[in-house]
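Please keep the sequence and the model in view while reading.

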Amino acid sequence: MAGKFAGRRAAQFAVLATLTLGAGAACDKPTAESNNTTSPHLQHDMTTLSPADVQVLRHATNRFHTLDKALNEGYAIFGGCFADSTLGGMGQHYANDKVIGDSAISLNRPELLLYETDRAGQPQLVAVEYIVFVDEWLAKGHTSPPRLFNTDFHINSTLLPKPFYLLHAWVWKENPSGLLSDWNPRVSCN
């Protein structure tokens, strides 16, 4: 049974890696398509987190400011740095295949960590991203999207037939587009 589960997680991670690598290629060189509603990460007008929510999430993810800590906990570089000439950037993604493979959402264990390289060439944690595959979420008996911070996740279904729910949280770098927006105009891949 353990081998079957590990194989399932590896397959899920491969699907997500394919999606992200494809999206990263498109975002590294923005096109008109990357700015419309079929973009792999749609721009949403999200409500902001309460100060208490921000504190909880910062406490839960503070350890990931040290990239080595993230790597030691199973996060690995994932695709290219995501940027869009109109919407801004997301930075470099680091994904944890074990967390992606658990088909659950946990505030303390985001599936992806987003880093931006600072002027000294060092990675700086800027945001976290939570994801879960739609089919697996629904197979668990859920009838509505996952929620964190009183906000529904939205669906990415543009590149593969296996869509997933996602939610970004920009608790480590100010985002004028909103704390739960996908893109941050203050994040760059340069």
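## Confidence and overall make-up

The predictor's confidence in each residue is expressed as pLDDT, on a scale from 0 to 100. This is a predicted model, and its protein chain has an average pLDDT of 78, with 73% of the residues scoring at least 70.

The protein chain contains 5 helices and 8 strands, and read from the N terminus its elements follow the order α-α-α-β-β-α-β-β-α-β-β-β-β. Of its 190 residues, 45% are buried. Among contacts with a separation of 6 or more, 59% are between residues 24 or more positions apart.

## Strands β2, β3 and β4

Strand β3 pairs with β2 in the antiparallel sense over 4 bridges, and alanine 95 stands opposite leucine 112 in β3. Strand β3 also pairs with β4, again in the antiparallel sense, over 6 bridges; here threonine 117 has proline 123 in β4 as its bridge partner. The hairpin of β3 and β4 has 5 residues between the strands, and within it glycine 121 takes a positive phi near 85°.

Because 5 of the 6 residues of β3 are buried, this strand is largely enclosed by the rest of the structure.

## Aromatic pairs

A pair of aromatic rings is described by the distance of the centres and the angle of the planes. The count for this model comes to 3 aromatic pairs. In one of them, tyrosine 94 and tyrosine 115 have ring centres 5.2 Å apart and planes at 80°, and the pair is therefore edge-to-face, given that an angle over 60 degrees is what this class requires. The two residues come from distant parts of the chain, with tyrosine 94 in strand β2 (residues 88-96) and tyrosine 115 in strand β3 (residues 112-117), 21 residues apart. Both count as buried, because the relative accessible area is 10% for tyrosine 94 and 3% for tyrosine 115, and the cut-off for buried is under 20%.

Another pair is formed by phenylalanine 133 and phenylalanine 164, whose ring centres are 6.2 Å apart and whose planes meet at 75°, so that this pair is edge-to-face as well. Since phenylalanine 133 lies in strand β4 (residues 123-133) and phenylalanine 164 in strand β8 (residues 164-169), the pair ties together parts that are 31 residues apart in sequence. Phenylalanine 133 is buried at 2% relative accessibility, and phenylalanine 164 is buried at 3%.

## Charges over rings

The ring of phenylalanine 133 also has the charged end of lysine 162 sitting over it, 4.8 Å from the ring centre. Elsewhere, the charged end of arginine 58 sits over the ring of tryptophan 172, 5.4 Å from its centre.

## Histidine 93

Is histidine 93 buried or exposed? Histidine 93, which is found in strand β2, has a relative accessibility of 2% and therefore counts as buried. Its side chain makes a polar contact with the side chain of glutamate 129, at 3.3 Å. When residues up to four places away in sequence are not counted, histidine 93 touches Ala76, Ile77, Phe78, Phe82, Leu112, Leu113, Leu114 and Glu129.

Technical notes: Residues are numbered from 1 along each chain as its sequence is written. Side-chain values use heavy atoms; hydrogens and water are left out. Rings of Phe, Tyr and Trp (its six-membered ring) pair if their centres lie within 6.5 Å; planes under 30 degrees apart count as stacked, over 60 as edge-to-face and the rest as tilted. Buried means under 20% relative accessible area, exposed over 50%, partly exposed in between (1.4 Å probe, protein chains only). A charge sits over a ring if NZ of Lys or CZ of Arg is within 6 Å of the ring centre and within 35 degrees of the ring normal. Two strands pair if DSSP finds at least two bridges between them. A polar contact is a pair of N or O atoms within 3.5 Å; within protein, one must be able to donate a hydrogen and the other to accept it, and residues adjacent in sequence count only if both atoms are side-chain atoms. Contact means heavy atoms within 4.5 Å.
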